[in-house]
Amino acid sequence: MSHPTMHEYPAVALKPGREKPVRQRHPWIFSGAIASIPNEAADGAIVDVCDAQGGFLARGYLNRRSQIQVRLLTWDAEEVIDTAFWRRRLRAAIAMRAALPEVQGCTALRLINAESDFLPGLTVDRLGDFLVLQAGTLAIDQRKQMLAELLLELTGCRGIVERSEMAVRRLEGLAAVSGVLVGEAPPASVEVVEDGLIFAVDLLHGQKTGFYSDQRTNRRRVAAYCAGKRVLNAFSYTGAFGLHALRGGAEHVVNIDSSVPALELAEVNLRRNGFDPDRWTENIAGDVFQVLRDWQTNPERRYDVIILDPPKFAQNQATMERALRGYKEINRLALGLLRPGGVLATFSCSGLVGADLFQKVVFSAAIDAGRDVQLLETLRQSADHPVALTFPEGEYLKGFILRAACTSRDTNA
Ligand code: SAH
């Protein structure tokens with residue numbers, strides 16, 4: 001029997017026996033679980049999801065074009081999806097960050113982490129007095145103006161920019177869009193603070209939303225190994241790991257990135273924080289694979305701490321094998337440049353590569369590099385990028401702090 005609701009939403013019926021994940025509050029319903037979708041329900045509209053007997057299970061939004069045809073918003077039959085609903089969910093996510101120890105004193109953070117903040121498809125980062133919104137689904141795309149206005153009201157920020165350029169939008173039938181949604185347009189460079197360090201961020205043209213706040217906690221953990229050390233920061237982007245390392249007392253940092261604008265911003269960031277780039281760093285524009293390969297035979301290119309923070313290599317199952325080869329290769333090459341007793345901080349932000357698999361990949365890299373490697377710390381995305389337990393898919397960033405042990409392999413080399 002279905003419960004009476006104030007609003008009547010069209011009902012999507014599940015096939016018999018497919019309700020278990022819905023009851024366990026997984027937010028996604030794949031096309032294969034669905035028996036029927038009423039014609040009157042437009043893509044992007046709110047729908048009820050019912051079991052094969054017509055009993056209410058949950059309520060969410062529809063997109064027939066996506067493999068994930070419904071994303072769930074509530075399991076409460078009484079909860080109407082109106083402006084007040086969106087405001088409540090946004091406010092709860094924002095309040096969580098306000099109380100989060102890990103982000104205190106930081107002005108770059110994730111405010112809304114989509115499914116893991118019970119707002120499927122919506123990602124919002126705060127960067128200083130501006131917000132960057134990413135609409136990952138059709139329903140969020142349709143409502144982004146309203147959501148931006150609510151966010152402006154709830155945060156008191158100056159303006160909200162859209163950077164909806166993620167590949168996943170194609171699966172929803174959406175093209176890439178960017179621009180100002182509400183409020184002021186941000187200046188070409190916005191300054192954010194992370195643990196007292198200042199970073200210039202280009203909101204409209206920077207990568208992703210402009211700053212990788214998911215690595216905040218890991219930058220702290222890695223910096224703690226850097227006092228007095230020679231550090232190699234590969235895939236450096238605007239040099240955030242490098243600046244944390246220098247502030248932690250590093251003797252010298254080499255940044256490598258293929259993006260020249262990112263390295264230019266890294267130099268701006270160094271100066272802004274009182275480090276003369278010529279004294280403290282070498283910034284190399286190039287392909288990490290190539291540069292690390294070239295250095296294997298050069299004994300001057302040996303480091304005490306190496307950071308590997310590559311982009312997402314595994315976009316989907318089809319690219320998995322190639323991605324794993326890539327991870328193995330850069331880790332093998334990095335281990336080859338590590339001094340005995342040196343530390344490797346290695347990351348993968350591919351959601352499809354779980355921590356166990358990533359550890360196996362690094363293990364086989366260590367075998368090939370001929371190094372005895374100890375695992376010191378395991379790392380993950382920072383706490384402003386939470387993972388709802390109902391949505392393990394939200395876990396994507398994993399990392400290890402490893403040590404190349406001083407063993408006979410080194411002394412005999
Ligand atoms: N560690 C950074 C974020 C890295 S994002 C931080 O903490 O802010 C990944 C970076 O890798 C991007 O800046 C991208 O330009 C760079 N990149 C991607 N492929 C590369 C390659 N083959 N060689 C060098 N840099 C690469």
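**Helix against helix**

Guide: Start with α5 and α6. From α5, N218, R219, V222 and A223 touch A240, F241, H244 and A245 of α6. Contact here means heavy atoms within 4.5 Å. Five of these residues are nonpolar, two are polar and one is charged. (Ala, Val, Leu, Ile, Met, Phe, Trp, Tyr, Cys and Pro count as nonpolar; Asp, Glu, Lys and Arg as charged; the others, Gly among them, as polar.) Keep in mind that this is a predicted model: local features need pLDDT of at least 70, side-chain atom pairs need 80 or more, and totals for chains, interfaces and linings use all residues. Residues are numbered from 1 along each chain as its sequence is written, and side-chain values use heavy atoms, without hydrogens or water.

Now the geometry. Helix α5 covers residues 216-223 and helix α6 covers 240-247. (Helices are DSSP runs, H or I, of at least four residues, numbered from the N terminus.) Their axes lie 9 Å apart, at an angle of about 40°. (Axes are lines fitted to C-alpha atoms over the stretch in contact; angles run from 0 to 180 degrees between N-to-C directions.) The two helices are therefore oblique, a word for angles that are not under 35, over 145 or from 65 to 115 degrees. The crossing of α5 and α6 is right-handed. (The near helix is turned clockwise from the far one by less than a right angle; anticlockwise is left-handed.)

Next, α2 (residues 83-98) and α3 (residues 138-155). Their axes come within 10 Å and cross at roughly 55°. So this pair is oblique too. The crossing of α2 and α3 is right-handed. On the α2 side stand T83, W86, R87, L90, R91 and I94. They meet I140, R143, M146, L147, L150, L151, E153, L154 and T155 of α3. This contact has nine nonpolar, two polar and four charged residues.

Last, α9 and α10. Their axes come within 9 Å and cross at roughly 35°. Here the crossing is left-handed. V288, F289, L292 and R293 of α9 meet G326, E329, I330, L333 and A334 of α10. The classes are six nonpolar, one polar and two charged.

Four of those residues, F289, R293, G326 and E329, also line the second largest pocket. (A pocket is an open set of points on a 1 Å grid over the protein atoms alone, reached by a 1.4 Å probe, with protein on both sides within 12 Å along at least five of seven lines; lining residues have an atom within 4 Å of a point.) F313, T319, R322, A323 and R325 are in the lining as well. α10 gives the largest share, five residues. By class, the lining has three nonpolar, two polar and four charged residues.
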